[in-house]
Amino acid sequence: MSKKLISVTINGRTHESAVEPRTLLVHYLREELNLTGAHIGCETSHCGACTVDVDGQSIKSCTHLAVQCDGSDVLTVEGLANKGVLHAVQEAFYEEHGLQCGFCTPGMLVRSYRLLQENPNPTEDEIRIGISGNLCRCTGYQNIIKAVQSAARKLQESSTTAA
Amino acid sequence: MIPPRFEYHAPTSVGEAIQLLNDLGDSAKLLAGGHSLLPMMKLRFAAPEHLIDINRIPELRGVREDGGNVVIGAMTTETEVINSPLIQAKLPLLSEAAKLIADPQVRNRGTIGGDIAHGDPGNDHPALAMAIDASFVLQGPGGQRTVAADAFFFGTYMTALAENEVLCEIHAPAFASGTGWAYEKLKRKTGDWATAACAVVMRKSGDKITHIRVTLTNVGPTALRAHDAEAALLNNALDESSISAAANAAAAICDPAEDLRGDIEYKTAMAAQMVRRALKAAAARCA
């Protein structure tokens, strides 16, 4: 089975790799590129721990082939912080205690980031529906919701200040 | 879990995909959104030697209007079905029902065509397609043919789609003004298939029902059209007695498989309940 050459931009950096067609995106990220932020949870596209952004959309990287990402732009949790400064979403999860064991957190962060790009001022219901593809077994979600609400306020404040 | 080894093909036209299907025969599978096929490959329920990825075929995407019909490309994702202004305006049942499928990430990848062509009775689009009188455009080496949704599903994972054909488009007449519609889906949790679900499309003239479709999800080897339930409603008013008659007629054709979602009796009772709810919800939307 022949390997395929792919060129994929991940967190702003372009990588050229030869991948086996059956390599899943999450394995490519973790094992080839040492980007271990996206976690392997259920492996059947239910839990959302492996969530990353591909071409501006949240997807589950356990159910996507690396070879399908040829020419794509991928964002993982490692790409959220900027030069050591936490992204507003990360800061909000930290401040609001939006995590306990932390296993689901990379997926929650990347999904929340994309949700707030799509809907900068979501209602609580919209947040719950928006993160319904990400399971957390610790928090009961309350503080995650608070964190997303807080991140929405931070992002809106910073965009108002910038304007 | 890693899928078994396969050769990967990424055609950029339907013609190229059909050529590959024709050459590779039953050792090949089409890869659409991948959210049924890739998990099945990981679990070794499927082990195709060749995957033909149809995600890079532009002609399979998009939603357009053609006369009184809405034409939906088979590779249109659930997210696109939800957000399409055309579907929202002309076939609102589809955009609302798609919100009940899986979760946001899966809806970004999962496609309407994949949901239909897979032939899984748990999928929602088969019953929805029957309820809106949809037809499917299938293309093979000899050209195109059109099959009504009603005549497409033969059994679990068995459809009218031949091994060397690609499902290209879903056609459905735009709802006439005043059409009522509903999809009532009972599920245990986000991402689960329906325990039972019912789609209804209804038109009324005064109190009298002049058009009615009642279809069911996941209570048989395929999605079901409840003809007897429709007959119990057509030319009648919607009241407690016609609702009960329709719900009982729908329950009579249910043949669900017992699983963790419930036993046969429970699923059949829930199907009847979804019929009752969907009829009331659709009637409330009739103008």
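**Chain contact, domains and helices of the predicted model**

In the contact between the two chains, 22 residues come from chain B and 22 residues from chain A. On the side of chain B that touches chain A, the elements that contribute two or more residues are strand 1 (7-9), helix 2 (37-42) and helix 6 (104-109) of chain B. Helix 6 of chain B gives the most to this side, with five residues. By class, the residues of the side of chain B that touches chain A comprise nine nonpolar, seven polar and six charged. The structure described here is a predicted model.

Chain A is assigned two parts, domain 1 (4-79) and domain 2 (88-157). The centres of domain 1 and domain 2 of chain A, taken over C-alpha atoms, are separated by 21 Å. Their contact takes 14 residues from domain 1 of chain A and 11 residues from domain 2 of chain A. On the side of domain 1 of chain A that touches domain 2 of chain A, strand 3 (residues 51-54) of chain A gives the most, with three residues. That side of domain 1 of chain A has seven nonpolar, six polar and one charged residues.

Helix 1 (residues 25-32) of chain A has several buried residues, namely A:Leu25, A:Val26, A:His27, A:Tyr28 and A:Leu29. The buried residues of helix 1 of chain A pack against strand 2 (13-19) of chain A. After helix 1 of chain A comes A:Asn34, whose phi is positive, near 60°.

Most residues other than glycine have a negative phi.

Helix 3 (residues 105-118) of chain A has 14 residues and reaches 20 Å from its first C-alpha to its last. This span is close to the 20 Å expected at 1.5 Å a residue. Helix 3 of chain A is mostly covered, with 12 of its 14 residues buried. Among the buried residues of helix 3 of chain A are A:Thr105, A:Met108, A:Arg111, A:Tyr113 and A:Leu116.

Notes
Residues are numbered from 1 along each chain as its sequence is written. Chains are lettered from A and ligands numbered from 1 in the order in which they are written. This is a predicted model: local features need pLDDT of at least 70, side-chain atom pairs count only at pLDDT 80 or more; totals for chains, interfaces and linings use all residues. Helices (H or I, at least four residues) and strands (E, at least two) are DSSP runs, numbered from the N terminus. The expected span of a helix is 1.5 Å times one less than its number of residues. A residue is buried if 20 or more other C-beta atoms lie within 10 Å of its own, exposed if 12 or fewer, and partly exposed in between; C-beta atoms are placed from the backbone. Two residues are in contact if their C-beta atoms, placed from the backbone, lie within 7 Å. Ala, Val, Leu, Ile, Met, Phe, Trp, Tyr, Cys and Pro count as nonpolar, Asp, Glu, Lys and Arg as charged, and the others, Gly among them, as polar. Domain bounds come from an automatic or database domain assignment.
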